[in-house]
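Hi everyone, thanks for coming. Let me show you the structure first, and then we can walk through it together.

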Amino acid sequence: MGRDGERRPDRSEGFGEHLLGALLDQAHELPPHLIAPLVADAVRGFGGRDPVLLLQDYGQLVLVPLSGRGLAAGEPVPIDGSSAGAAFLRGASVEVPQGDGVRVYLPLLDGGDEVGVLALTLDDVDGDDRRLLRRFASLVADLLVTKSGYTDRIFQARRLQPMSVAAEIQWSLLPPLAMTAPKVAVAGILEPAYQVAGDSFDYALNDDLLHVATIDAMGHGLDAAAMATVAIGAYRHARRADIGLAEIYAFMDRAIAEQFGPDHFVTAQMMRLNTVSGHLQWVNAGHPHPLLIRDHVVVERLESVTTLPVGFGGEEPVISERVLRHGDRVLCFTDGLVEEREAGGEQFGEEQLIDWVNRVERSQAGVRAVVRALSHVLKEKRGGRTSDDATLFLIEWR
């Protein structure tokens, strides 16, 4: 029985299979604008109420309600200090008892990345409910990711301020901001989110090999975005040809030189991590040295011979190598993070970066939470300025 002696809605295993199966049957040709009523009807079907779909904004500061028939309206919810934000950052459900039942916040997980949070209220919650809600949230996340390729409404909901054309291009290039797999986890972030132009990153997990690239195209605006587009396209093309890091560098170098001429360049860092052995290889073409984090402390810079930025016709690069230990993290970043001038005119610098990495590593858990918290605290400590693009990309060998 439920509250006030009423019969409790059926949320058993069999009911859950029937409900999720019916949703899957409808999802195939579902128009994007009908996601909201589909979710709302399903929530009512298992005795829930007041459903809200909360999506992460591009600046990764708040969770923004998605509008739609059947969904409760509301204001953006801060990620820090809210129950919805706690579910989002932890990637685990949060239950908050209320006078009329239990408000449940469910992370919308898709392949280790997180779309946002589904919030709803139930009279009470037991093991059957939690199992059904977890599976339902996974299906909703898949729906949102799949249908976002057919509509602008989901992208529009996530914007809290105007976005530049250059940033529009960069966001369209990016892979999911985070990925979690049994042997490896990654997370990246770009700033300024709504004005970024020349910075980007890319990754792929091909069998047991994790491939990663971070780039920084010279200049600002559309010119930088165009170079970044060619650089990422050339990287992907070469990577998918299964050639080595030195050959990837050469391919990207030719692509930039041929398209933009000898006075243009892109700094880049390409990595490969064997997720079975922990063997890390990388080529550094003008980037700051990555930081090796062990037991939540920066233990060293991964120094290497640095070759010329792509586009300058450098010689065959030296491939640096290191074997990681289980739990090691590698933090890649672009120079915009450390070259920003503080109010007194001094550069922010790598020493301050390392100090804040150590502090944030001790206070946060997963790579996604660490990258997000680090980006925001570093921007604050740099006086809130982002005169140049800045990128963070964190790899954890599990």
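Leaving aside residues up to four places away in sequence, Ser 320 touches Leu 280, Gln 281, Trp 282, Ser 304 and Val 305, where contact means heavy atoms within 4.5 Å. Ser 320 lies in strand 15, residues 320-323; helices (H or I, at least four residues) and strands (E, at least two) are DSSP runs, numbered from the N terminus. Why does Ser 320 count as buried? Because its relative accessibility is 10%, and buried means under 20% relative accessible area, with exposed over 50% and partly exposed in between (1.4 Å probe, protein chains only).

A quick word on where this comes from. This is a predicted model, in which local features need pLDDT of at least 70 and side-chain atom pairs count only at pLDDT 80 or more, while totals for chains, interfaces and linings use all residues. Residues are numbered from 1 along each chain as its sequence is written, and side-chain values use heavy atoms, with hydrogens and water left out.

Now to helix 8, residues 245-260. Helix 8 has 16 residues and reaches 22 Å from its first C-alpha to its last, close to the 22 Å expected at 1.5 Å a residue; that expected span is 1.5 Å times one less than the number of residues. Its buried residues include Leu 245, Ile 248, Tyr 249, Met 252 and Ile 256. What do the buried residues of helix 8 pack against? Their partners are strand 10 (209-217), helix 7 (221-239), strand 11 (266-274) and strand 12 (279-285). Just after helix 8, Gly 261 takes a positive phi of about 90 degrees.

On to the cores. In soluble globular proteins, nonpolar side chains tend to be buried together. A nonpolar core here is a set of buried Ala, Val, Leu, Ile, Met, Phe, Trp, Tyr and Cys residues joined through side-chain atoms within 4.5 Å. The largest one has 37 residues, and Phe 46, Leu 108, Phe 136 and Leu 144 touch the most other members. Its largest share, nine residues, comes from helix 4. Leu 144 touches Ile 35, Leu 55, Leu 66, Leu 108, Val 115 and Ile 154, again not counting residues up to four places away in sequence. Apart from this core lies another, of 30 residues, among them Ala 193, Phe 201, Leu 273 and Leu 302.

On a 1 Å grid over the protein atoms alone, a cavity is a set of points where a 1.4 Å probe fits but cannot get out, and a pocket is an open set with protein on both sides within 12 Å along at least five of seven lines; lining residues have an atom within 4 Å of a point. Grid points are joined across faces, edges and corners, and a volume is the space filled by probe spheres set on the points.

The largest pocket has a volume of about 680 Å³. Of its 24 lining residues, Tyr 58, Asp 113, Ser 148, Phe 155 and Arg 158 lie nearest its centre. The second largest pocket has a volume of about 290 Å³, and Leu 89, Arg 90, Thr 180, Gly 366 and Arg 368 are the closest to its centre.

How many cavities of 30 Å³ or more does a search of the whole structure find? Two. The largest cavity holds about 80 Å³ of space, and its lining includes Asp 113 and Arg 368.
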